[in-house]
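Hi,

Here is the structure I said I would pass on. Have a look, and my notes follow below.

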Amino acid sequence: MIETARGLNYVMRIDTSKNRLRVKFFGDITDPAENKDIPANVKDACTRLAAGFTCLADFTEVGLFGLPDIAQQVQETLAVVHVRKVASVWSKEGFAKIVVQRSADHAAGGYAEKRKVFSDMAEAEAWLNS
């Protein structure tokens, strides 16, 4: 796996053997200045993968997610670059999950139909591999 970006609240990696983008978010994602590069970092990582790639977004360690604009930008970027499937993994219900879900519902390019939410990492991986 190759790390492509790291910030205060995230780490991005690509797994070229699975043609997969992996993004792990953690902590309270509330500071726009600290997280402004997330959409550009996603776009850059996607250029390193082949068409039809999958994405695993790990939100299991997120407290707050107070940046719906950034969430929507990321999801629209994924739609534009033709991601095949996106698995979002959450450990708990909460406001952060609602923010990301609303952004997904508003993202263009049929993004919401490509996305599925999980509470188990193994199930998410199995769905992406299918």
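Through how many residues does a hairpin join β1 to β2? The hairpin between β1 and β2 goes through 2 residues. Helices (H or I, at least four residues) and strands (E, at least two) are DSSP runs, numbered from the N terminus.

Before the rest, a word on the model: it is predicted, so local features need pLDDT of at least 70 and side-chain atom pairs pLDDT 80 or more, while totals for chains, interfaces and linings use all residues. Residues are numbered from 1 along each chain as its sequence is written, and side-chain values use heavy atoms, with hydrogens and water left out.

The sheet is open, with 6 strands in the order β1-β2-β3-β4-β5-β6 and mixed pairing (two strands pair if DSSP finds at least two bridges between them). β1 (2-7) and β6 (115-118) are at the edges with a single partner strand each, so one side of each has no neighbour in the sheet.

β1 and β2 run antiparallel, joined by 5 bridges; A5 has M12 in β2 as its bridge partner. On to β2 (residues 10-15) and β3 (residues 20-29): these are antiparallel too, with 6 bridges, and D15 is partnered by R20 in β3. Their hairpin has 4 residues between the strands, and N19 in the turn has a positive phi of about 55 degrees.

β2 is mostly covered, with 5 of its 6 residues buried (under 20% relative accessible area, 1.4 Å probe, protein chains only). Helix α2 (residues 38-47) lies across β1, β2 and β3, at about 10 degrees to β2 (axes are lines fitted to C-alpha atoms, for helices over the stretch in contact, with angles from 0 to 180 degrees between N-to-C directions; contact means heavy atoms within 4.5 Å).

Cheers

Technical notes: Buried < 20%, exposed > 50% of the residue type's maximum accessible area, 1.4 Å probe, protein only.
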